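Please keep the sequence and the three-dimensional view at hand while reading.

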Amino acid sequence: MSTTESASNYDSLERMPVRELLEKINQEDKTVPFTVERAIPQVEALVNITVSRLRQGGRLFYIGAGTSGRLGIVDASECPPTYGVPHGMVIGIIAGGDGAIRKAVEFAEDDTTQAWKDLLDHQITDKDMVVGIAASGITPYVIGGLEMCRSKGITTGCIVCNADTPVAAAADYPVEVTTGPEFVTGSTRMKAGTAQKLVLNMLTTAVMVQLGHVKGNKMVDMQLSNYKLVERGTRMVMEELQIGKSEAAALLKKYGSVRLAIEAYRNGEDSES
């Protein structure tokens, strides 16, 4: 039996006071970053191949079911506003379609052929990279998708929370983060979900840094899609160029991005701003 399905380290949860419940959950959660740390060499390999594929014009796809699928969609959807990349560069696909984001679709994860059909809807090619996300490591939707990708010469990776799983066997670049029993037995939205989110954060952050979308420690290509982000962008320009707020705001408004505003100023294109 997989460790994510093993019995919880705790019992009689319904008898615990709220404070004890929270403290015990927190104790379990504290183990997750150390488990992720042990998988860093695998994450590094996944980052490097993903960077290579994207530099060659490929895309990064996530496929998953349930919580795993939703986490992939969250990560993919945050890349364009954070790093200014096209919406089609990182794509999250969930078993059961977009409706499954909000409401579980029964037995969708048991279809071994649907992931490939979903990928074909996006005109997938051998330039692309497909990462399967599955806490258990046995999700048929993910296994079928990765196996078909591999048969077509498409590079595959995965993020799983058990060792030696069929999903990992179908991946060229597996990441295995063995999180162990959940506080509520089998509830992999807890530690396993947290581990998957941490790995996804590492993956796309490192990839976007390598692709040049971060300067120093700043998101210079972020989309200025609300007042908070405009203010953040203004501060970035102020700090980078050592100019006042009104001048920085004017530059940002004119050029529409932190990167372009800084480059224009430094190139003397906007010396009178």
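## The surroundings of E28

Which residues does E28 touch, not counting residues up to four places away in sequence? The model is predicted, and in it E28 touches N9, Y10, P181, F183 and K191. E28 is found in helix α1. With a relative accessibility of 8%, E28 counts as buried, because buried means under 20% relative accessible area.

E23 also has its place in helix α1. With a relative accessible area of 40%, E23 is partly exposed. The C-alpha atoms of E23 and Q196 are separated by 22 Å, and these two residues stand 173 residues apart along the chain.

## Overall features

The protein contains 11 helices and 5 strands. Its C-alpha trace spans about 70 × 50 × 35 Å along the principal axes. Of the 273 residues in the protein, 46% are buried.

The contacts can also be described by separation in sequence. Among contacts in the protein with a separation of 6 or more, 67% are accounted for by residues 24 or more positions apart.

## The aromatic pair

How many aromatic pairs does a search of the whole structure find? The search finds 1 aromatic pair. The ring centres of Y10 and F183 are 5.3 Å apart and the ring planes stand at 50 degrees, so the pair is tilted. The reasoning rests on a cut-off: planes under 30 degrees apart count as stacked, over 60 as edge-to-face and the rest as tilted.

Y10 lies in the segment before α1 (18-29), whereas F183 lies in the loop between β5 (173-176) and α8 (191-210), so the pair ties together parts that are 173 residues apart in sequence. F183 is buried, with a relative accessible area of 3%. Both Y10 and F183 are also among the residues that E28 touches.

## Helix α8 and its partners

Helix α4 (residues 66-83) and α8 have axes that come within 10 Å and cross at roughly 30 degrees. The two helices are therefore roughly parallel to each other, because angles under 35 degrees count as roughly parallel. The crossing of α4 and α8 is right-handed. On the α4 side the contact is made by S68, L71, G72, V74, D75, C79 and Y83, and on the α8 side by G193, Q196, K197, L200, N201, T204, T205 and M208. By class, this contact of α4 with α8 has 6 nonpolar, 7 polar and 2 charged residues.

Helix α3 (residues 40-55) is another partner of α8: the axes come within 9 Å and cross at roughly 45 degrees. That angle makes α3 oblique to α8. The crossing of α3 and α8 is right-handed. From α3, the residues in contact are I40, V43, L46, V47, T50, V51, L54 and R55, and from α8 they are V199, M202, L203, A206, V207 and Q210. The contact of α3 with α8 has 11 nonpolar, 2 polar and 1 charged residues.

## Helices α10 and α11

At what angle do the axes of helix α10 and helix α11 cross? The axes of α10 (residues 245-255) and α11 (residues 258-266) cross at roughly 110 degrees and come within 8 Å. This makes α10 roughly perpendicular to α11, because angles of 65 to 115 degrees count as roughly perpendicular. In passing α11, α10 makes a right-handed crossing.

The α10 residues of the contact are E247, L251, L252 and Y255, and the α11 residues are V258, L260, A261, A264 and Y265. The residues of this contact divide into 8 nonpolar, no polar and 1 charged.

## Two residues with positive phi

F107 has its place in the loop between β2 (90-94) and α5 (114-120). The phi of F107 is near 65 degrees, a positive value in a residue other than glycine. Is F107 buried or exposed? With 65% relative accessibility, F107 counts as exposed.

Q123 is placed in the loop between α5 and β3 (129-134). The phi of Q123 is near 50 degrees, a positive value in a residue other than glycine. At 57% relative accessibility, Q123 counts as exposed, because exposed means over 50% relative accessible area.

Key: Residues are numbered from 1 along each chain as its sequence is written. This is a predicted model: local features need pLDDT of at least 70, side-chain atom pairs count only at pLDDT 80 or more; totals for chains, interfaces and linings use all residues. Side-chain values use heavy atoms; hydrogens and water are left out. Rings of Phe, Tyr and Trp (its six-membered ring) pair if their centres lie within 6.5 Å; planes under 30 degrees apart count as stacked, over 60 as edge-to-face and the rest as tilted. Helices (H or I, at least four residues) and strands (E, at least two) are DSSP runs, numbered from the N terminus. Buried means under 20% relative accessible area, exposed over 50%, partly exposed in between (1.4 Å probe, protein chains only). Axes are lines fitted to C-alpha atoms, for helices over the stretch in contact, and angles run from 0 to 180 degrees between N-to-C directions. Angles under 35 degrees count as roughly parallel, over 145 as roughly antiparallel, 65 to 115 as roughly perpendicular and the rest as oblique. A crossing is left-handed if the near helix is turned anticlockwise from the far one by less than a right angle, and right-handed if clockwise. Contact means heavy atoms within 4.5 Å. Ala, Val, Leu, Ile, Met, Phe, Trp, Tyr, Cys and Pro count as nonpolar, Asp, Glu, Lys and Arg as charged, and the others, Gly among them, as polar.
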